[in-house]
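The structure is shown first.

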Amino acid sequence: MIKIAPSILSADYASLGSAVDALKPWGADYVHLDVMDGAFVPNITFGAPMVKALRSHTDLVFDAHLMVDEPSKWVQDFKAAGADILTIHIEADRHAHRTLQLIRSLGMKAGIALNPQTPPEAIEYLLEAVDLILIMTVNPGFGGQRFIPEAAKKIAVIRKMLQEKGLAGKVEIEVDGGVNAETARICREYGANVLVAGNAVYSAPDPREMIGRLRGE
Ligand code: DX5
Ligand code: ZN
């Protein structure tokens with residue numbers, strides 16, 4: 001079963017509450033929250049206080065994607081704000097294993113993200129420590145960019161790595177960046193099970209129908 005995680009990065013920032021309210025009726029599974037610090041990525045979005053303010057709007061899973069340097073500093077704050085999944089970047093943390101343990105110890109699911117140039121082997125020894133692997137198919141920082149097909153090939157490699165360790169059903173494979181009706185099919189075929197979509201959902205004339213298409217219905 002494919003899950004869809006719309007990114008509110010592409011929603012109207014003046015009405016984020018309604019942007020989140022809409023997601024359940026549209027059939028979304030997760031709310032994808034893109035947190036950017038202006039250092040790890042060349043853009044700034046929002047932090048834990050915004051996540052906390054949105055928490056009362058839905059009971060959907062809050063999938064927070066931290067594009068920040070030294071993410072360990074913010075783990076407690078995102079727990080308090082109501083994040084369910086907390087994903088950090090392997091490139092942003094010299095002690096990723098420790099941070100992933102901290103995330104799990106607080107009762108959240110721990111995710112690890114890979115930029116387009118990062119090889120799958122970079123997380124080979126973290127597979128037991130994660131609940132979700134996020135494969136970036138654009139360079140993080142902005143919505144509405146073009147899907148990088150080369151980066152998507154890692155989906156199949158990582159799926160195989162998980163299978164070899166007997167972790168295939170336990171760890172989710174999420175793809176983020178440039179996902180639309182066509183590229184979603186490529187991601188599903190490679191073996192992804194969670195698809196993030198910002199522009200594709202929030203710019204669609206009929207977001208509910210678009211979410212069904214992304215899912216392959
Ligand atoms: C990019 C973010 C993505 C982004 C996806 O840095 O991590 O989640 O919002 O937006 P689209 O689907 O428009 O590429
Ligand atoms: Zn994201």
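Donors are N, O and S atoms within 2.8 Å of the metal (3.2 Å for Na, K and Ca), and because water is not among the atoms, sites may look incomplete. The model is predicted: local features need pLDDT of at least 70 and side-chain atom pairs count only at pLDDT 80 or more, whereas totals for chains, interfaces and linings use all residues. Residues are numbered from 1 along each chain as its sequence is written, chains are lettered from A and ligands numbered from 1 in the order in which they are written, and side-chain values use heavy atoms, without hydrogens and water.

**Metal site**

The zinc ion (ligand 2) is coordinated at 2.1 to 2.3 Å by H32 (NE2), D34 (OD), H65 (ND1) and D176 (OD). Its six donor atoms subtend angles of 69 to 168 degrees, which makes the arrangement octahedral (six donors, with opposite donors over 155 degrees apart and all others between 65 and 115). Along the sequence, the donor residues follow the spacing H-x1-D-x30-H-x110-D. H32 lies in strand β2 and H65 in strand β3 (residues 61-67), so the pair ties together parts that are 33 residues apart in sequence. Both H32 and H65 are buried (under 20% relative accessible area, with a 1.4 Å probe and protein chains only).

**Sheet**

Strands (E, at least two residues) and helices (H or I, at least four) are DSSP runs, numbered from the N terminus. Eight strands form an open sheet in the order β1-β8-β7-β6-β5-β4-β3-β2, with parallel pairing; strands pair if DSSP finds at least two bridges between them. β1 and β2 (30-36) stand at the edges with a single partner strand each, so one side of each is left without a neighbour in the sheet. From one strand to the next, the twist averages 25 degrees. β1 and β8 run parallel and are joined by four bridges; A5 stands opposite V196 in β8.

In strand β4 (residues 85-89) is I85, which counts as buried because its relative accessibility is 2%.

Contact means heavy atoms within 4.5 Å; angles run from 0 to 180 degrees between N-to-C directions, with axes fitted to C-alpha atoms, for helices over the stretch in contact.

| α6 (residues 149-164) | touches β5 (109-114), β6 (132-136), β7 (172-176) | about 160 degrees with β6 |

In α9 (residues 207-215), the buried residues include P207, M210 and L214. Just after α9, G216 takes a positive phi of about 95 degrees.

Terms used: Buried < 20%, exposed > 50% of the residue type's maximum accessible area, 1.4 Å probe, protein only. Tetrahedral: all angles 85-135°; square planar, octahedral: opposite > 155°, others 65-115°.
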